[in-house]
Amino acid sequence: MDNKTLKEKIKSREARIGIVGLGYVGLSLAVEFARSGFTVTGVEVDQNRVEMINKGLSHTEDITHSSLKPLVDSGKLKAVLSFDVLNEMDSISICVPTPLRKTKDPDISNIVAATEEIKKRLRRGQLIVLESTTYPGTTEEVLLPALSSTGLKAGEDFFLAFSPERVDPGNSVFSTSNTPKVIGGITPACAEITEFLYQQVVEKVVVVSSTGSAEMVKLLENTFRAVNIALVNEVALMCDRLKVNVWEVIDAASTKPFGFMPFYPGPGLGGHCIPVDPHYLSWKLRALNYKARFIELAEDINMDMPYHVANRVAEGLNLQKKPVNGSEILILGVAYKKDVSDYRESPALDVIRILQDRGAIVKYHDPRIKSLPPVYEVEYTEIEDGRLQHFDCAVIITNHSDYDYGKIVAESHLVVDTRNATRDVVEKEKIIAL
Ligand code: SAJ
């Protein structure tokens, strides 16, 4: 079967869109397709999430209730638990998490599970697009054989492509619709129909020659970030020894109108993408007898930053003749980056554990995260009513816009600032920089 019928159904908006996984990526994609007039069905394993979405309530910050509810109320978007609906779908985008195992090896079990469910219901004319970040080769080596085992032929009976997600949580400028979308097809016909589908919801679609190329595009993007963040973290350590201000150096270097892109030092590398994705690449290359040295070096440096922060705290307390052991320390911000409420892989959790291991009594505040799972053994505290003065040291880990940094410094005995958040605060003598 050629893709003409599917193309006509896409053009007429008759095509039924399936999304497997309604996390921050899948829900953003579902909303864009529904906004463009398609009827979208999301298959989600989390029952609470299914119930919330079907009430028009979003569980991710970048999709507001007000943007979701009209789409649900009009019947354009719904969430279901069962994979059985997939047989009715004309296109299926797989947006499931791809974490690392404890051994730092890729865990594509969610992709494999989704593929098996799709395989059971695969029919002529369907388009399957993998969006989850994964190692180059996954679409061709895992999805293609599984789906082809049904006897249907890729590029003729069904279509298969890879298209990396580029959702940047908390980014109010770039959304799914105005961020160029890369796609790679198993065959030219696969690429063509995928390009046509995504052109309905995204301003710019960029076609590359293969699924492996598209998979590598994503890993280059995120490895680029992880390595440059590690570089600037090391520059921060250098500047500390050179007694120059790393933030001033970066700001001045950023005046170069070409050939430079600023990154900023911090307490470590958080989130479920940047610390994770480069390991998908280095793992794949190890299997090809190649050692991805930059990725491994970057990890060493980024993983060491929480220890550097703990040492800065110790140095600051030492100036006041206080040991870390027994000191009351407040962590300001536990989200993995500013103005988000996600604490996955947050370096704050590492800093807390390291300080607790050294005998400190640690509490945290975060305007967006009022509680953490008991496993982290750290209590939330408010910071109003002069409570800051009860702490020997306050550590700015996540520089949320909500904070009044002048007030924080004024009310604290000592502030360790890992984000240059106090750049405009006059009272410098209480501040220890990263
Ligand atoms: N960080 C620094 N210094 C920097 C930039 C970031 O220390 O100069 C830290 C952040 O604090 C955070 C971590 O690195 O802990 C990751 O930050 P991030 O800005 O890369 O944000 P993510 O992981 O939420 O989203 C990234 C996307 N961000 C940007 O491109 C700005 C993008 O790379 C991907 O769309 C997304 O990962 C993904 O899903 O892969």
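How many nonpolar, polar and charged residues are in the lining of the second largest pocket? The lining has 18 nonpolar, 12 polar and 12 charged residues. The model behind these values is predicted.

## The second largest pocket

The space in this pocket comes to about 1300 Å³. Its lining is made up of 42 residues. D168, R225, I229, I274 and K337 are the closest of them to the pocket centre.

The most comes from α8, with 7 residues.

## Packing of α8 on α10

Helix α8 spans residues 211–242. Besides lining the pocket, α8 packs with helix α10, residues 277–287. The angle is about 115 degrees. The axes are 8 Å apart. The crossing is left-handed.

Which residues meet in this packing? On the α8 side they are M216, K218, L219, N222, T223 and A226. On the α10 side they are D277, P278, Y280 and L281. By class, this contact has 6 nonpolar, 2 polar and 2 charged residues.

## Summary

Helix α8 takes part in both features: it gives the most residues to the pocket lining, and it packs with α10.

How values were computed:
Residues numbered from 1 in each chain as written. Predicted model: local features only at pLDDT ≥ 70, side-chain atom pairs only at ≥ 80, totals over all residues. Heavy atoms only, no water. Axes fitted to C-alpha atoms, helices over the stretch in contact; angles between N-to-C directions. Helix = DSSP H or I, 4+ residues; strand = E, 2+ residues; numbered from the N terminus. Left-handed = near helix turned anticlockwise from the far one by under 90°. Contact = heavy atoms within 4.5 Å. Nonpolar A, V, L, I, M, F, W, Y, C, P; charged D, E, K, R; others polar. 1 Å grid on protein atoms, 1.4 Å probe; cavity = no way out; pocket = protein on both sides within 12 Å on 5 of 7 lines; lining within 4 Å. Points joined across faces, edges and corners; volume = space filled by probe spheres on them.
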